[in-house]
Amino acid sequence: MSPLRKIFTLKNKESKKENSKVNIEEDVKSIKLTFFESGYGSSKQAEGDSRIFKACLENVYMDYKGKCRENENLQKELKAPYINEKGRVETELKKRKTALGLLEESIINVEQKIISLRNDMVEVRRVPEKFGLDVDKKPKAQFYLGLAVLIPITFYLLVFYMSASFSAFFKNFDTDELSAAIFDGNALTKAIRDGWLEGVFVATIPFAFMGLGYLVHMFLKHKSWLSYVKVTLLFAITFIFDAILAYQIENKIYEIQKTPDSPAFDLYIAFSSVEFWGIIFAGFVVYIIWGLVFDFIMKEYENFDKIKTFISGKRDDIKNSELNISKLIQKINPIKEEIVGLEGKIVDLQRTIDGFVFSNKHYLTYHAEYVKGWFLAIADNFDSLKRREELLSSCQEEELKHLKEHDIDNEDYEGRLYKVVN
């Protein structure tokens, strides 16, 4: 065992026996003194030779490096920042993995939701009640059959009300035939010829009745006494308007047929006329039939529309869910990158912890004492100033080379890391 190793061994044994701070400080002072004495003695024995000085410095460095590795207390102290850093990084890694797990779980839940939505889109056509849809299960044929009935009735009402309104308000009768009085194939053309206001009136008046029919349908959607009252009022208004048309037409026919002895036309004469009621029922009864067929068709269409609206809503939910998955994936990728980086950092820190830390500051303290002893021996044992300066200069160069070679010329960091290489 070299003298330097004996120094470390001796002082380590003594430091194990003494645990107080005062004793540790005394041990450091004792070691520094021993290094000084060792440097002084070695320099005196080697007569300050720089080549021997280089070998001695290397010996001091390697001995200290070995003892530094074996000093568990010192290594524990030097590795404490890396152990703490590893704990902090592990905590961050745990947080990232927890966040990643939550995001992945969210993606799984959204994907399951999309599957459920698609199943609902298929199932709603078979069992609409399962999804709270009050849908009539009648075949679609009834809808199309009703539509086939409604279209010709609509054309009939258009022709009837345009002809009847033109006959009642604008036409000058030259015949007493009821059919010619009501149905005039050129009613719209004649009304336009008389003026654009007459044309607009005759062309749009049928849509007023159809609008009343639409209101009847809307009121019947809400089953309440107020709705039935409104429907009754609408039918009454339609009947009154039809009665006005019939009265006007019947009045014009009566004027053609009357004699000098005929009384003036009044409500009694109108109500007692078969033609009067024929005009009303030709319009009003067909209007009621149109309204009932229209209400039926709209209810059938609403059955289709409920399912269509339900499916459309599910499609929107699927699109939103897929967009949500894209956003979650965008969040996941950076977290995965962070996890890889943190795991790599933990591996690197563990390699440091499994290795050892060379204490630059501690070594430089003892190194300085050894060099000081070496240089002092040169100063004390050589009278020649020139020889002394030559030895000091050459030894100083060797010291700088030694420090740079081992990368310990910087005192800004605590220690140099020696990691375990896998």
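Me: Are helix 3 and helix 4 roughly parallel or roughly perpendicular to each other?

Reply: Roughly perpendicular. This is a predicted model, where local features need pLDDT of at least 70, side-chain atom pairs count only at pLDDT 80 or more, and totals for chains, interfaces and linings use all residues. Residues are numbered from 1 along each chain as its sequence is written, and side-chain values use heavy atoms, with hydrogens and water left out.

Me: What angle do the axes of helix 3 and helix 4 cross at?

Reply: Roughly 80 degrees, and the axes come within 5 Å. Axes here are lines fitted to C-alpha atoms, for helices over the stretch in contact, with angles from 0 to 180 degrees between N-to-C directions. Under 35 degrees counts as roughly parallel, over 145 as roughly antiparallel, 65 to 115 as roughly perpendicular, and the rest as oblique.

Me: Which residues in helix 3 and helix 4 meet?

Reply: Tyr 64, Cys 68, Arg 69 and Glu 70 from helix 3 meet Glu 72, Leu 74 and Gln 75 from helix 4. Contact means heavy atoms within 4.5 Å. By class that contact has 3 nonpolar, 1 polar and 3 charged residues. Ala, Val, Leu, Ile, Met, Phe, Trp, Tyr, Cys and Pro count as nonpolar, Asp, Glu, Lys and Arg as charged, and the others, Gly among them, as polar.

Me: OK, Ser 50 next. Where is its place?

Reply: In helix 3, residues 50-70.

Me: And is Ser 50 buried or exposed?

Reply: Buried, at a relative accessible area of 16%. The cut-offs are under 20% for buried and over 50% for exposed, with partly exposed in between (1.4 Å probe, protein chains only).

Me: What does Ser 50 touch?

Reply: Leaving out residues up to four places away in sequence, Ser 50 touches Ser 394, Cys 395 and Glu 398.

Me: Now helix 12 and helix 13. At what angle do they pack?

Reply: About 165 degrees, with their axes 10 Å apart. That makes helix 12 roughly antiparallel to helix 13. Residues 360-381 form helix 12 and residues 385-405 form helix 13.

Me: Which residues make the contact?

Reply: Among them are Tyr 363, Trp 374 and Phe 375 of helix 12, and Arg 388, Cys 395 and Glu 399 of helix 13. The contact residues divide into 11 nonpolar, 3 polar and 2 charged.

Me: Zooming out, how many helices and strands are there in the protein?

Reply: 13 helices and 2 strands. Those are DSSP runs numbered from the N terminus: helices are H or I with at least four residues, strands E with at least two.

Me: How much of the protein counts as buried?

Reply: 37% of its 422 residues.
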